[in-house]
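Thank you all for coming.

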Amino acid sequence: MDANAVKAILFDLDNTLIETHRAGRYAIQKTQELLKTSLALDDDTITNICDKFKQKLLHENFDPTAGRSIDEVRVGHWEDSIKESVDSCSTSSLAHQCYYLWKNTRLELLNLSPEISSLLKQLRRKYKLLLLTNGNAQTQREKVDAASCEGFFDSIVLAGDYAEQKPFPSIFRLCFDLLQVEPQDCIMVGDSLDTDIQGGWSAHVRATVWINSAGDAVPVGSVTPDFTLSTVLDLEDVLAQLK
C-alpha cells in the first residue's frame, strides 16, 4: 500500500450511520399519544411536556457516581416535565411508561440501512474501520446493539467509557492505538462540526468529512471540514480523491 494512502476510517454513529434524529421524532410522537390518552390534555400542553423533556435531555449532565442509572435519570426527566406542565398530577408511573415507550420506540428504529451496511462491508475490504461515538456509554452501547454494528468494524469505542470524549485528542489517540495507525493514515467522518470535525482536526487526521444532510452553512468561527457530503453513501468519492 502507498505510504500516503488512507489506511483507516473513523466513523461517528448518530446521524452519520443511523438516523437518530428521525427515530427520536417518531418516539416523541408515540409518547405524545400515550400522554394524551393518559391525561386527556390539549395538544399544546402535551407538546410542552415533550419539549421540556427534550430540553432536559439536551442539557443532561449525567454523573455515574451519583448512584442513579441513566434510565432512572431519564425517567426523572419525564416526571419533572409532566409536573412542570400539569398541576396536581401523580406522575411516577406515567413517567416510567413515557420513558420506556420513548426509549424502546427509538431503539427499534435505529438500524444500519442496507445501503450503509453494503458500504461498510465494501470499505472494510480496503480499510480499517472504527466506530467512535460520544454520549453515555450505556445509551450508546444499546444503540450499537440495536443497529447490529459489531460485525462491521475492527473496533468500537464508546467515548463515555473514558475520561474525555470527542473532540479531545486523547480519545482519538486511543483509536489510533487500537488500529495501530498514525493520525495521517486516518480520516474522520461525522455530522458534528464541534465534536467530529473539530476533534479530527485537533488530532491531525489526514482529512475530515462532514456529513451535512441538512445542507447547512459552516458557521462563522467554526472549524472548516476538508470535505462535505450530504450522505455518507458518497464517501467513496472522497476516498478516490485522497489516493
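This is a predicted model: local features need pLDDT of at least 70, side-chain atom pairs count only at pLDDT 80 or more; totals for chains, interfaces and linings use all residues.

Residues are numbered from 1 along each chain as its sequence is written, and side-chain values use heavy atoms, with hydrogens and water left out.

The protein has nine helices and six strands, which are DSSP runs numbered from the N terminus (helices are H or I with at least four residues, strands are E with at least two). Its radius of gyration is 20 Å, which agrees with the value near 18 Å that a compact globule of 243 residues would have; the radius is taken over C-alpha atoms, and the globule rule is 2.2 Å times the number of residues to the power 0.38. Of the 243 residues, 46% count as buried, meaning under 20% relative accessible area with a 1.4 Å probe and protein chains only.

Now to helix α7, residues 169-179, whose buried residues are I171, F172, C175, F176 and L179. Seen down the axis of α7, these residues fall within an arc of 145°, so they line one face of the helix; the arc is that of the directions from the helix axis to the C-beta atoms. What covers them includes the strands β1 (8-11), β2 (128-133), β3 (155-158) and β4 (186-190), together with helix α8 (193-202), where contact means heavy atoms within 4.5 Å. Just after α7, Q180 takes a positive phi of about 60°.

Methods
Buried means under 20% relative accessible area, exposed over 50%, partly exposed in between (1.4 Å probe, protein chains only).
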